[in-house]
Amino acid sequence: MEHSHHPGADDTRKTRSDGAQSRERLLLAAMRLFAGQGFANTSTREIALAAGTNIASISYYFGDKAGLYRAAFSDHAPCPVEGLAAFADPGLTLREALQGFYATLLGPLKQGDRARMGMRLWLREMLEPTGLWLEKIDNGIKPAHASLVLVLGRHLGVAEPHDDVARLAFCVVGLAIQMMVLRDVIDQLNPELLATDEAIDTWMARLVDYAEAMVNAEQTRMATLGPGARPTAPSPPSPPRKKNA
């Protein structure tokens, strides 16, 4: 007599594990194809084939192609809003704040190939925008930038951060952007600098040193303006005088 099989705990775990693996394969295949071809030129059939699954799985896990693209774009998300606490806490020293900021921003680099694909997808989105890049600026980058400006202003002793503090914030971020955007170049010139988690940690520690020096330099520069003085833009250079013929 045949007995019907009732799924037990092992079966449930296996089903969940298989589902997670299928979703992960779809996500990685989508990241690679979207980054290489763009959203419009990549079909769900291509993605399913590359992931070794069926098209129906895309609908099941992500809803549709747009949902899969959003998930792939958000997978490699430097400086998420929930990471602001790592550096925005008023009780942190400048060095602690910078350590938390770079750890949040550059932590995804430790994901190896996934980080490379994620950054390439971000660059593709900038070149061929679908709207997600502007959405990310509004919901992620803008609040992170505002928090960093407040942190720097607080350590500079500025009650109301002005344009020079904003410029400093962009420069602090710029130190890290090269690691993210030029990963392929670094891999060709000095691959050992990003080859391991330890190497990435070492570079982040150096960034903290460099950024701290920049903040100190700005503090010294502002001190020369006198208390309460606001920096002014330099006058544009005068046009060259024409010589008489």
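Visitor: What should I know about the model before I start?

Guide: This is a predicted model, where local features need pLDDT of at least 70 and side-chain atom pairs count only at pLDDT 80 or more, while totals for chains, interfaces and linings use all residues. Residues are numbered from 1 along each chain as its sequence is written, and side-chain values use heavy atoms, with hydrogens and water left out.

Visitor: Which residues of helix α3 are buried?

Guide: Buried means under 20% relative accessible area, exposed over 50%, and partly exposed in between (1.4 Å probe, protein chains only). Helices are DSSP runs of H or I, at least four residues, numbered from the N terminus. In α3 (residues 55-62), Ser57, Ile58 and Phe62 are the buried ones. They lie on the same side of α3 because their arc around the axis is only 105°, taken from the directions from the helix axis to the C-beta atoms. Ala56 and Tyr60, on the other side of α3, are exposed.

Visitor: How many salt bridges does the structure hold?

Guide: A salt bridge is a side-chain nitrogen of Lys or Arg within 4 Å of a carboxyl oxygen of Asp or Glu. The structure has 14. One of them joins arginine 116 to aspartate 113 (3.0 Å, N to O); both sit in helix α7 (residues 113-127), 3 residues apart, about one turn of the helix.

Visitor: Which residues are linked with Asp113 and Arg116 in a network of salt bridges?

Guide: Arg183 and Asp187 belong to that network too. Aspartate 187 and arginine 183 meet at 3.7 Å, N to O. Arginine 183 is buried at 6% relative accessible area, whereas aspartate 113 is exposed at 55%.

How values were computed:
Helix = DSSP H or I, 4+ residues; strand = E, 2+ residues; numbered from the N terminus.
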